[in-house]
There are 2 protein chains.
Amino acid sequence: METPAALVDLDILAQNIDRMAEYSALHGLSLRPHVKTHKSPRIAAEQLRLGAVGLTCATPRELEVMSDVTSDLLLNYPLLGAPKLARALSLPREVQLTVAVDSMIAVDALAATARIMDRPVRVYVELDLGMHRVGVQSVDDAIALAMRVAEQPPLIFAGITFYPGHIREPVSEQEAKLARLRQDLASALERMERSGVRPSIVSGGSTPLAWRMHEVPGVTEVRPGTYVYNDRTTAQIGACAWEDCAFTVLATVVSTAVPGQAVIDAGCKALGREPVRGVAGEGYAALLDRPEVTVQRMSEEHGILDLTQTSWRPRVGDVVRLVPNHVCIVVHLNDVIHGVRGDVVESRWPVSARGREGALAGDA
Amino acid sequence: METPAALVDLDILAQNIDRMAEYSALHGLSLRPHVKTHKSPRIAAEQLRLGAVGLTCATPRELEVMSDVTSDLLLNYPLLGAPKLARALSLPREVQLTVAVDSMIAVDALAATARIMDRPVRVYVELDLGMHRVGVQSVDDAIALAMRVAEQPPLIFAGITFYPGHIREPVSEQEAKLARLRQDLASALERMERSGVRPSIVSGGSTPLAWRMHEVPGVTEVRPGTYVYNDRTTAQIGACAWEDCAFTVLATVVSTAVPGQAVIDAGCKALGREPVRGVAGEGYAALLDRPEVTVQRMSEEHGILDLTQTSWRPRVGDVVRLVPNHVCIVVHLNDVIHGVRGDVVESRWPVSARGREGALAGDA
């Protein structure tokens, strides 16, 4: 098999999908997985088969590709710009589309396009509950946005959304931020209800918090993405075990000329350059069967394995499997994923929603 | 135009290609541009039209795609693993293929495959002259490898190669490392000649050192890649001017909800996460027309512009152009490049050599 190549262990993948479906069902949470991690309708279909209510997307391309497998899509991303608006609202009519917003400009643009295209669009108002990325900064702003939505049919105010991406400590150290999150959310819900804009859906969740969202009262829906494959970061913070990492990059040792290191044919064009986050840690990926051996430096097509802390001495031509720090980025670098069971490649599938453009990209 | 999108200013591109062709011709250096930056046969053809002797590649996919536009290809990367060996040596017969090696294992595997496929392959022995990535560590090792090549037809010992990627200081501060490079190369050449394995080609070069390779006696060939597009790092170290940056990412401001920042729809899936290197500097990209405004944080689809050092206040929906830190990575994230002149999109071309697989990927 030619390297570098993206492998997914099919047994671990099935377990990961299963486990999240069970968790969500047990706690009465609607599971709406984020497809950014796998970008594959095949895996999305499996998530839906096991009970996901719909899917979460970040780009028009993801919406288009996923409209093949569900009629319930959330774009949990501000929808701005005429081309993107037209594209998202041109999804098949049977698709119930929900869009997250955090500005009057976005609401008004969405309303105008929805009117022209005569298409109902459900809207979530996005709240910043600590991530400081997007999301309105006050409950007053949330109420004002919700009212603006409600008064502009065919928009429908459907709920609120937040992304607790600022909570990525090890699971045992999340309590303080989680307490604050509970408090802020409860206060927002109470005040919105009093103002007559009660959100019927409260959408939250992330993989680092995946197993704790039932501890946040009010949340009705969760949107984890990474959990299907997992990665080094997810394992290090304790939101999965090392054995739950389904995704690896297969690479070949191409040089051992420089002492103390071995060079593999997976550099940052194959592994991404994502730091370890949430815990102290170095390197960009670790060997699946020797997690103490990590990729410490990278060029575009070279990854440098640090051998100074191991007695393992690979030979040129040896093949290794690496667990990357952040799997979503690595999937995005690949066109094709190879499904393996043990050492056997059983299937291959395209990363269908990877690109930005539609059919056009293939024509270019 | 939908964002994020990759734009290339066609006038600047033409100037950059022209300037390097002139420099190489002036100093009698063979120009063999690295295609990793553009991955496009269209741009490679223009480099060849202006005098490039052939092309440099890092992957089998790059070799295959570029065999459409030249019959002189260098794989400046260790060729290991049966699938890659078979693929590289299956290039059209009229292609003169050269491969860089730094191990006996690689030489012997290449020789075995070349014999089976009855195909001559030219070989460069790779020397480590300070980068400490790949390359033999001593002149004795270089001589031994060259002899091993020479005694195994249809391999042909054609020369040596090195990559001075460790020299990425600002141009004015390169002198000490450059002096060391001159000395090490002269010593290697003298000793190889005495041993009867005189390299007829000495291949070096990189964009940070692009305009100084004539100051290293013995070098006959240069392999810059980044210079076609340039980027923030290249400009910051002074190997190009800011006005020479041909490549930008077009992005839309999607949120200004959080004070002190504006969020654009280009995150690390559109910009990469490459640090500034060679000089002090922060951020992952800078605005083309306001280089003091940089992307300071990123999620997969979010880039956070820091507004604390500027009086500029963008509105949601505004469109901006960003110069990324490391353009080669950003090209690799795109399927299509848009050629612009002023504000007009004149052409679009695919990043043909981006993927790993051949026609197979399209079928998957």
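Let me start with B:Lys39, which sits in the loop between strand 2 (30-31) and helix 2 (41-49) of chain B, where helices (H or I, at least four residues) and strands (E, at least two) are DSSP runs, numbered from the N terminus. Phi of B:Lys39 is near 50 degrees, a positive value in a residue other than glycine. With 25 C-beta neighbours inside 10 Å, B:Lys39 counts as buried; here a residue is buried if 20 or more other C-beta atoms lie within 10 Å of its own, exposed if 12 or fewer, and partly exposed in between, with C-beta atoms placed from the backbone.

Before I go on, a word on the source. This is a predicted model, in which local features need pLDDT of at least 70 and side-chain atom pairs count only at pLDDT 80 or more, while totals for chains, interfaces and linings use all residues. Residues are numbered from 1 along each chain as its sequence is written, and chains are lettered from A and ligands numbered from 1 in the order in which they are written.

Now the other backbone features. Most residues other than glycine have a negative phi, and most peptide bonds are trans. In chain A, A:Asn230 has a phi near 65 degrees, again positive in a residue other than glycine, and A:Asn230 belongs to the loop between strand 9 (221-222) and helix 8 (232-236) of chain A. A:Asn230 counts as buried, with 25 C-beta neighbours inside 10 Å. As for the peptide bonds, the one from A:Thr3 to A:Pro4 is cis, with omega near -5 degrees, and A:Pro4 is placed in the segment before strand 1 (5-9) of chain A. In chain B, a cis peptide bond joins B:Thr3 and B:Pro4, with omega about -5 degrees, and B:Pro4 is in the segment before strand 1 (5-9) of chain B.

How are the two copies related? Chain B can be laid on chain A with an RMSD of 0.0 Å by a turn of 180 degrees and a shift of 0.0 Å along the axis, copies being superposed by least squares on the C-alpha atoms of residues with pLDDT of at least 70 in both. The two copies are thus related as by a two-fold rotation axis. Of the residues of chain B, B:Arg273 comes closest to that rotation axis, at 3.0 Å (C-alpha).

Turning to the interface, 54 residues of chain B are in contact with 54 residues of chain A, where two residues are in contact if their C-beta atoms, placed from the backbone, lie within 7 Å. The elements of chain B that give two or more residues to the side touching chain A are helix 4 (82-89), helix 5 (104-116), strand 10 (247-255), helix 9 (268-271), helix 10 (327-332) and strand 17 (344-350). By class, that side of chain B has 25 nonpolar, 14 polar and 15 charged residues, with Ala, Val, Leu, Ile, Met, Phe, Trp, Tyr, Cys and Pro counted as nonpolar, Asp, Glu, Lys and Arg as charged, and the others, Gly among them, as polar.

Two of these elements also pack on each other within the chain: helix 4 of chain B and helix 5 of chain B pack at an angle of about 50 degrees, with their axes 10 Å apart. Axes are lines fitted to C-alpha atoms, for helices over the stretch in contact, and angles run from 0 to 180 degrees between N-to-C directions. Helix 4 of chain B and helix 5 of chain B are therefore oblique to each other, given that angles under 35 degrees count as roughly parallel, over 145 as roughly antiparallel, 65 to 115 as roughly perpendicular and the rest as oblique. In this packing, B:Leu85, B:Ala86 and B:Leu89 of helix 4 meet B:Ala109, B:Leu110, B:Thr113 and B:Ala114 of helix 5, and by class the contact has six nonpolar, one polar and no charged residues.

A second pair is helix 6 (residues 139-150) of chain B and helix 7 (residues 175-194) of chain B, whose axes come within 10 Å and cross at roughly 45 degrees. In this pair, B:Val139, B:Ala142, B:Ile143 and B:Ala146 of helix 6 meet B:Ser187, B:Ala188, B:Arg191 and B:Met192 of helix 7, a contact with six nonpolar, one polar and one charged residues.

I will finish with A:Glu94, which lies in the loop between helix 4 (82-89) and strand 5 (96-101) of chain A. A:Glu94 is exposed, with 8 other C-beta atoms within 10 Å.
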